[in-house]
Amino acid sequence: MSDSSTPAAAAHDAHGAHHTNYVKIWAILLGLLVVSVVGPMLGHPVLTMITAFGIAFVKAFLVIKYFMHLTVEKKYIGFLLLTMLAIMLVFVAGVAPDVMKHEGQRWTNNAAIDAVEKGLKEGGGHHGEHPAEAPRAEPH
Amino acid sequence: MSSTATETHGHGPGDGHAHDAHGHGHHEQNFFLKYFWSTDHKIIGFQYLFTGMFMALIGGFAVYAFRMQIAFPGMSVPGYGRVTATDYNALVTTHGSVMIFWVAMPVLIAALGNYLIPLMIGADDMVFPRLNRLSYQLFLLSVIILICSFFVDGGAFGGAWTSYPPLSAKPEYNLTPLGAPLWLTAVAIEFAAFLLGGINFVTTLMNSRAPGMKMFDVPIVVWMIIIASILFMASVGPLVAGAVMLLFDQTVGTGFFDPKKGGDPVLWQHLFWFFGHPEVYVVLLPAMGIVAEIITTFSRKKLFAYKTVIYTAVGTGALSFFVWAHHQFIAGIDPRMANIFSVTTLLISIPVAEMMFVYIATLFGGSIRLTTPMLWALAFIGEFLLGGVTGIFLGASGADIYFHDTYFVLAHFHYTFFPIAFIGAFAATTYWFPKMFGRFMNETWGKVHFWGTIIPFNFIFIPLFLLGARGDHRRIYDYTHFPDLMKPGMQDLRILATLSLVVLLAFQIVFLVNYFYSAFRGAKAGANPWQANTLEWQAPSPPPHGNFPDGLPNVYRGPYEFSHPDRQEDYWPQNSAS
Amino acid sequence: MSSFPRPIATTRSVTGISTGKLAVWWLIASEIVIFGGVLGSYVMHRIGHPEWASQAEHTNTWAGAFNTFVLLTSSLMAVLAHQAAEHKDGKKAAKFLYFTILGGLVFLVVKSFEWTNEIHHGFTLTSHTFWSFYYTAAGIHGLHVIIGLIIMAVIAQDAKKGIDLQRVEAVGLYWHFVDIVWIFLFPLLYIAK
């Protein structure tokens with residue numbers, strides 16, 4: 001399909017007329033990368049969230065818009081991808097109460113609670129080169 | 001089986017821009033190339049169909065063996081031998097996995113989708129024929145791996161098709177150190193094959209429709225197969241992730257699902273069922289699509305509410321993402337989640353019921369022709385309804401506390417799955433047989449096969465509902481160990497179900513003989529023996545390579561213009577210019 | 001590749017989107033759910049197990065950051081390849097695709113050094129569930145990188161001869177997706193300490 005007479009190739013030529021400066025976008029992405037590395041080094045949890053994770057979303061948006069040209073693509077493509085993301089949110093929402101939390105209405109996950117406690121207690125002294133061990137929960 | 005290797009050029013009025021698409025040397029291909037290396041969608045469809053039929057024999061043999069063990073515990077099963085407890089687990093696992101992944105999906109989606117979609121949208125093939133071939137080859141690889149798992153040390157995996165850890169993760173529990181990872185690998189490869197196939201199907205439908213065919217002129221079965229493919233694509237991801245994690249747990253000792261190592265076995269259940277529930281709709285929708293095609297043709301009426309059926313199917317698919325944990329009501333999930341999932345589960349019965357009502361309304365007032373395919377389509381409606389309503393009991397989490405893991409669940413899902421996988425498949429194969437082979441199947445033997453299947457089917461599963469309600473647990477290989485479950489009459493019901501199964505299996509021989517005999521020696525059929533409207537019936541029977549030797553069709557109307565008042569004929573093909 | 005007789009079906013485009021590109025969008029859609037499953041499972045475990053921080057602090061943030069830089073740059077190369085293909089310059093498109101591939105290879109080399117180092121220190125796939133997730137998630141991502149490199153190489157070969165230039169954009173889309181997955185993997189595995 002290498003001739004321009006197909007409707008597909010014609011659509012191609014039409015939006016190839018954007019003159020996005022891709023190098024400029026790349027430079028912005030690199031700047032954001034620097035911020036996302038430096039930010040967490042400052043140690044504030046909220047700042048870390050915003051710089052590390054918030055910026056990840058911004059970077060992704062830039063790649064999606066300028067490199068993948070999703071914003072000039074047919075609208076349903078964007079809806080399709082958003083739907084898939086929404087499905088992932090449904091998955092996490094439905095599973096987190098069982099897997100992320102370690103207790104709920106009339107149940108507790110003793111193995112996990114013990115592992116967390118033990119790990120947090122030990123976590124203070126282990127830095128550097130020894131391979132850290134997996135915290136083991138005592139079987140009840 | 002007939003696609004010739006000489007390519008015919010399908011250049012019709014509709015395709016101005018495809019100037020050199022078929023410019024290549026013509027040559028007769030040898031037998032191997034023509035039937036095993038083909039990229040023709042019809043041949044690939046047959047490959048999936050026959051592989052699926054073969055796997056049905058395996059799944060059927062497995063159920064025969066383990067049901068005989070239940071009915072006559074400890075006795076040697078003719079054709080198998082003694083069924084030990086380990087054998088039993090492997091047999092039930094094999095039966096379940098094979099029937100869902102290697103029979104229902106390949107026959108209903110891959111075989112029918114491949115065969116029908118290009119024909120029904122007026123195209124000459126799928127958009128990616130080589131990817132199509134690769135998809136089948138991956139699928140075949142998964143079949144080979146699964147069958148290998150039967151012969152390795154320790155034997156086939158016996159952890160049930162749901163494969164819950166820690167049973168599935170630890171070889172010291174499942175006793176199948178090779179069988180378990182082989183099974184999991186086969187499933188994962190099968191998923192990859194269907195993902196690739198799904199992309200092919202969806203792209204073909206979106207881009208390659210005949211000129212004049214708007215999305216709402218597309219036959220329902222094509223819509224359904226596409227919606228099913230999208231549903232599969234959207235739901236299988238977490239399970240692919242889970243399969244990789246479980247494979248690592250099995251083979252290298254990671255602890256994704258091991259609480260002692262910071263993992264969680266309930267996570268596997270969620271990963272599995274998040275896919276597992278939409279999966280049942282993945283197989284249901286094509287079956288419903290098949291029924292729609294058949295009932296419109298054989299009641300000479302348009303579908304009562306075409307757009308509603310499509311919207312409902314999409315709605316069912318969407319809702320199916322919100323019900324999965326009803327499989328886990330007593331697994332220890334948070335009860336507040338159980339409340340939510342109960343409500344959504346009860347809600348999902350509504351759109352499916354609504355589709356059934358549309359079908360019944362389509363039949364009402366129609367000029368009914370009770371051919372064999374029509375019998376199968378009607379049986380689907382009746383039997384599936386029974387399955388559906390029994391699901392309501394199970395969807396209520398309180399009732400499920402009692403019913404979970406009993407034969408009540410099993411009978412429920414067989415009253416849904418059997419109609420989907422077998423009634424749907426028989427409906428499709430008998431309906432499209434004349435197109436595929438240019439010959440008719442024998443009607444009389446078709447009806448013998450029909451009654452010989454439907455009647456025993458009910459005698460298998462109604463006893464199982466009763467047994468389940470009386471407390472029969474699933475996955476028990478010898479009920480004589482449980483005095484509470486050996487109350488008077490219970491073992492008799494088990495024997496009744498098993499003997500009915502044997503009768504049902506025996507009648508499948510009628511189908512196989514009819515199918516293969518008629519393929520070579522059946523009465524000849526023309527292009528449109530059922531006088532239907534959809535485009536596949538406007539191509540020769542069987543269609544040659546390229547499908548439409550007189551040129552790819554243009555479309556002027558919808559697919560169900562039957563009994564139109566202005567017409568003499570009671571049907572109006574989609575591509576008829578007048 | 002051009003000796004295969006393409007069906008008319010492949011050349012049609014009722015939606016107006018080229019067939020190959022449409023297929024890649026669907027592929028990306030299905031991959032979102034796969035990576036979503038892996039990452040969602042990881043996130044839930046990581047949040048539920050704050051004590052994993054003592055393991056997580058041993059990931060090499062500089063290697064991760066450098067690799068992010070490498071992938072972002074290779075994405076730039078991929079979109080420049082697309083721009084060249086749009087101007088029907090097959091040779092230039094191929095050149096940029098080769099740079100993209102180079103970026104992918106650098107990524108893999110850095111990763112192999114990184115992992116070798118971590119394994120020497122005893123942080124293996126089985127030493128702790130944090131590392132199980134780490135290697136699995138990055139490993140599945142790495143597999144996608146490798147597959148992408150192979151496909152890009154094939155397409156670059158054809159593009160150099162001016163054949164099937166529309167595929168440059170399609171493979172670029174796949175590559176940008178792989179890049180975006182890494183954009184999220186980086187903070188999840190390297191920053192969340």
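Colleagues, what we have here is a predicted model, in which local features need pLDDT of at least 70, side-chain atom pairs count only at pLDDT 80 or more, and totals for chains, interfaces and linings use all residues. Residues are numbered from 1 along each chain as its sequence is written, and chains are lettered from A and ligands numbered from 1 in the order in which they are written.

Let me begin with chain B. Its secondary structure consists of 16 helices and zero strands; these are DSSP runs, with helices being H or I of at least four residues and strands being E of at least two, numbered from the N terminus. Chain B has a radius of gyration of 24 Å, close to the 25 Å that the globule rule gives for 578 residues, so it is as compact as a globular protein of that length. That radius is taken over C-alpha atoms, and the rule is 2.2 Å times the number of residues to the power 0.38. The C-alpha trace of chain B spans about 70 × 50 × 50 Å along its principal axes.

I turn to the interfaces. Two residues are in contact if their C-beta atoms, placed from the backbone, lie within 7 Å. Between chains C and A, 51 residues of chain C are in contact with 55 residues of chain A. On the chain C side, the elements giving two or more residues are α2 (19–48), α3 (53–56), α4 (61–86) and α7 (166–191) of chain C. Of these, α4(C) gives the most, with 11 residues.

The contact between chains B and A takes 21 residues from chain B and 21 residues from chain A. Here α9 (265–299) and α11 (335–363) of chain B are the elements that give two or more residues to the chain B side, and α9(B) gives the most, with four residues.

Finally, how confident is the predictor in chain A? The mean pLDDT of chain A is 79, and 74% of its residues reach 70 or more; pLDDT is the predictor's confidence in each residue, from 0 to 100. Within chain A, confidence is lowest in helix α1 (residues 7–15), at a mean of 45, and highest in helix α4 (residues 75–99), at 95. Over residues 1–17 of chain A the pLDDT stays under 50, and over residues 125–140 of chain A it is below 50. Where pLDDT is low, the predicted coordinates should not be read in detail.
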